[in-house]
Structure formats: structure tokens, C-alpha cells
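Hi there,

Here is the structure I promised to pass on to you. Have a look at it first, and then read on for my notes.

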Amino acid sequence: MRPMNRRTTGRRRNSNVSKRRPDPFRGKDVIYIDYKESKFLERFTNDQGKILPRSLTGLSAKNQRTVVEAIKRARFMAFLPFVGEGLK
């Protein structure tokens, strides 16, 4: 019979899980995310033009919805491209 090793019996920690990024709007009195600020909204899209998920941006669910709405409005008004420069 093999003796129990206490190190292996506990919960294993996943080394691939990264720490959540802090919410960039937390602590600031942001009431409205303006769709006309294209440089600011580009932070929440990747080089292909796709909207980044909450896990990468660190936004709360409420702020993620408002950012997505602002990005879609900016795309419609041609402030942001629908696709990235490399895909044209």
C-alpha cells in the first residue's frame, strides 16, 4: 500500500488561468460611453475588428453591453471599420 501524499490530494491550481483584468470604468463616474470616440473603442476590438469578450477586457456585464452597443453604433456611422485593415 502506497502512503498518501498530501500535496497531490488537494485541489490542483490551473496554471493557465490568468488573473482578471480590472474594470477600466470602476471608480470613475462614467455615465455614457460615446460612440464617436473611435480611439477609445478600438481598445475593445482586436486587429480583425472583432469585439473582445469580457474575460479579456475585464469589463463588468453592464459596461460590456454599453461598449458593444457603442461599437455597433460607431460601425454603422463609419467611425469604426467592420473588418480590420489586413482583411480588406
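Leu87 counts as exposed because its relative accessible area is 54%, over the 50% cut-off. Along the chain, Leu87 and Gln48 are 39 residues apart, yet 7.0 Å separates their C-alpha atoms.

**Confidence and overall layout**

The protein chain has a mean pLDDT of 83, with 76% of its residues at 70 or more. Confidence is lowest in helix 1 (residues 6–9), where the mean is 58, and highest in helix 4 (residues 61–76), where the mean is 94. Where pLDDT is low, the predicted coordinates should not be read in detail.

As for secondary structure, the protein chain has 4 helices and 0 strands, giving the pattern α-α-α-α along the sequence. Of the 88 residues in the protein chain, 26% are buried. If you take the contacts between residues at least 6 apart in sequence, 59% of them join residues at least 24 apart.

In soluble globular proteins, nonpolar side chains tend to be buried together. Here the largest nonpolar core has 10 residues: Phe25, Ile33, Leu41, Phe44, Leu59, Val67, Ala70, Ile71, Ala74 and Leu80. Helix 4 gives the most to this core, with 4 residues.

Leaving aside neighbours within four places in sequence, Phe44 is in contact with Pro24, Phe25, Lys50, Ile51, Leu52, Thr57, Leu59, Val67 and Ile71.

**The loop between helix 2 and helix 3**

Thr45 lies in the loop between helix 2 (38–41) and helix 3 (54–57). Is Thr45 buried or exposed? Thr45 counts as buried, because its relative accessibility is 17% and the cut-off is under 20%. Not counting residues up to four places away in sequence, Thr45 touches Lys50, Ile51, Leu52 and Ile71. Its C-alpha atom is 9.5 Å from that of Gly84, which is 39 residues away along the chain.

Asn46 is also found in the loop between helix 2 and helix 3. At 27% relative accessibility, Asn46 is partly exposed. Asn46 and Gly84 are 38 residues apart in sequence, with a C-alpha to C-alpha distance of 8.2 Å.

**A backbone detail**

Most residues other than glycine have a negative phi. Ala78, which is not a glycine, has a positive phi of about 70 degrees. You will find Ala78 in the segment after helix 4, and at 64% relative accessibility Ala78 is exposed.

**The largest pocket**

Which residues line the largest pocket? Its lining consists of Phe25, Val30, Ile31, Tyr32, Ile33, Tyr35, Lys62, Asn63, Thr66, Glu69, Ala70 and Arg73. By class, that lining has 7 nonpolar, 2 polar and 3 charged residues. The volume of the largest pocket is about 240 Å³.

Best wishes

Methods
Residues numbered from 1 in each chain as written. Predicted model: local features only at pLDDT ≥ 70, side-chain atom pairs only at ≥ 80, totals over all residues. Heavy atoms only, no water. 1 Å grid on protein atoms, 1.4 Å probe; cavity = no way out; pocket = protein on both sides within 12 Å on 5 of 7 lines; lining within 4 Å. Points joined across faces, edges and corners; volume = space filled by probe spheres on them. Nonpolar A, V, L, I, M, F, W, Y, C, P; charged D, E, K, R; others polar. pLDDT = per-residue confidence, 0-100. Helix = DSSP H or I, 4+ residues; strand = E, 2+ residues; numbered from the N terminus. Buried < 20%, exposed > 50% of the residue type's maximum accessible area, 1.4 Å probe, protein only. Core = buried A, V, L, I, M, F, W, Y, C linked by side-chain atoms within 4.5 Å. Contact = heavy atoms within 4.5 Å.
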